[in-house]
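Keep the sequence and the 3D view side by side as you read.

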Amino acid sequence: MSAPITTRLLDLYRIGPGPSSSHTVGPMRAARAFREAALAQGIVPARLRVDLMGSLSATGRGHGTDRAVLAGLLGWRPDTCDVDALLALPDTLREQPSIEWGAQSATLHPDDVRFLPYSAYRHEDLEHPNTLRCTAFDTDGGVLLEQTWCSTGGGFVEEAGASDGASLADPLGAIDASGVHFHDCESLVAAADQANTSIGALVLAHERAVDKRDVRDGLDRIWDAMQACIRRGLEQHGTLPGGLGLRRRAGELNARIEAGDVEAGYAHIARAQAYAFAVNEENAAGGRVVTAPTNGAAGIVPAVLTEVAERLALDRDQVHRALATAGVIGALIKTHASLSGAEVGCQGEVGSATAMAAAALCEILGGTPAKVEYAAEIAMEHNLGLTCDPLKGLVQAPCIERNAMGVAKAWSAAQLALHSDGMHLVSFDRVIQVMKRTGNDMRREYKETGEGGLAVAVNLPEC
Ligand code: SF4
């Protein structure tokens, strides 16, 4: 586990539309990158096509992957696009199948996005389980440009054979520039101990040294987006789209807490769970959320941090440090394992988010770096083997409740670590390795394919 941590905080937390970071945000970014590459080469296509393969094909309809790549080909960005226009985009292009292409125009129809048969393009046949191919054609059907992209989880994308351009170009040099050296959790805790500071403060200083962007300003935007999402989610009622008939619960649970209808001892966890419902219901409806570290698992970190920030009146600096602590846990997992449900199952999504929230909460409550590491370890350890099996390919069931359960697990993990001497048998680094190996061993039916687990529960014979 010596690979450098090249994932920046401001890339791990990415603002974008629901319902999926790997199946919505990532494909939109990939299609937009393809458009930019074509424009840079002066290519004006007569026609465009995007082929979705692997998990993007298996569950992409429920995840809105088709409208996301259409938006990317239009040049829309996940963090700034109009989410209502995005939902309507397939219908808009069906009526008027033409898009602006530089100073000219190109034909684009919703049917130009193809879900290739999953049986012909399964996980094991592809460079990555989430693969898409973008092609620009001339008027005779000749190929002008073709690129294959992988959506690697959390909204990150890589062109097949290349690395994500969002990361710094010279990660080793950048790490040296901060004077802080860590590549795994053990070296991170050692660096914090040596500097006699918290993990959050250390990581924040590190990020400010290595990232050319304004990190504080970026974290403010991320925190504001998280708060706005919770507020919106609490105000919405009714049934979520997609056909499962799932009712929104966030506002109702919050109202019960406000009315004193939940046990006093459970109230703060219940409030955080209401916040998690709010975020994940917004995500399921295609609203704007923050990957933390993915869209499907977007509720846990903001829910836990918002509840404790309100209750303890945390200031912005404390919030920044909490986001940094949670973020570095996500970055470690991304570097040494995966955040992608299609690669390692839900342990990479909800498991990672739970570990991030547990670490941040433990630190807020006064945990030493060793205890913070322990909190993350407990949280991930007790999510090992968690499968990805969303019903109808929608990020609703079990995803929404699973985030609420992640909140409770994060609280328990933080408390168990806090009220310990910090000593534990298995390190967080080792748990990350086990998570990756468990994901590799997991049958593909349980990795965002809709072929196993709860996704087929409705078809199982009664016992
Ligand atoms: S089951 Fe987990 S990994 Fe799969 S879509 Fe839902 S939240 Fe994401």
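The sections below cover the ligand shell, the cores, some helices, a hairpin and a few backbone details.

## Ground rules

This is a predicted model: local features need pLDDT of at least 70, side-chain atom pairs count only at pLDDT 80 or more, and totals for chains, interfaces and linings use all residues. Residues are numbered from 1 along each chain as its sequence is written.

Helices (H or I, at least four residues) and strands (E, at least two) are DSSP runs, numbered from the N terminus.

## Around the ligand

The ligand is surrounded by 13 residues. The closest are Gly-296, Gly-341, Cys-346, Cys-388 and Cys-399. A residue is near a molecule if its C-beta atom, placed from the backbone, lies within 6 Å of it.

The shell holds eight nonpolar, two polar and three charged residues. Here Ala, Val, Leu, Ile, Met, Phe, Trp, Tyr, Cys and Pro count as nonpolar, Asp, Glu, Lys and Arg as charged, and the others, Gly among them, as polar.

The largest nonpolar core has 100 residues. Such a core is a set of buried Ala, Val, Leu, Ile, Met, Phe, Trp, Tyr and Cys residues joined through C-beta atoms within 7 Å. Buried means that 20 or more other C-beta atoms lie within 10 Å of a residue's own; exposed means 12 or fewer, and partly exposed is in between, with C-beta atoms placed from the backbone. Helix H15 (residues 350-364) gives the largest share of this core, eleven residues. Apart from it lies another core, of 36 residues, among them Phe-34, Val-50, Leu-73 and Tyr-121.

Ala-375 is among the residues with the most contacts inside the largest core. Not counting residues up to four places away in sequence, Ala-375 touches Ala-358, Ala-359, Cys-362, Gly-367, Ala-413, Ala-414 and Ala-417. Contact means C-beta atoms, placed from the backbone, within 7 Å.

## Helices, inside and out

Helix H13 (residues 316-336) has 21 residues. From first C-alpha to last it reaches 30 Å, close to the 30 Å expected at 1.5 Å a residue. The expected span is 1.5 Å times one less than the number of residues. H13 is largely enclosed by the rest of the structure, because 16 of its 21 residues are buried.

Ala-250 lies in helix H10 (residues 250-258). Ala-250 is buried, with 28 other C-beta atoms within 10 Å. Ala-85 lies in helix H5 (residues 83-95). Ala-85 is partly exposed, with 13 other C-beta atoms within 10 Å.

## A hairpin

Strands S3 (residues 98-101) and S4 (residues 104-107) pair in the antiparallel sense over four bridges. Pairing requires at least two bridges found by DSSP. Ile-99 has Ala-106 in S4 as its bridge partner. Two residues lie between the strands of this hairpin. Gly-102, in the turn, has a positive phi of about 60°.

## Backbone details

Most residues other than glycine have a negative phi, and most peptide bonds are trans. Now the cis bonds. One joins Ala-292 and Pro-293, with omega about 5°. Pro-293 sits in the loop between strand S9 (288-290) and helix H12 (300-312). Another cis bond joins Ala-397 and Pro-398, with omega about 15°.

Asn-196 is not a glycine, yet has a positive phi of about 55°. Glu-448, also not a glycine, has a positive phi of about 60°. Asn-196 is exposed, with 8 other C-beta atoms within 10 Å, whereas Glu-448 is buried, with 36 C-beta neighbours inside 10 Å.

Key: Contact = placed C-beta atoms within 7 Å.
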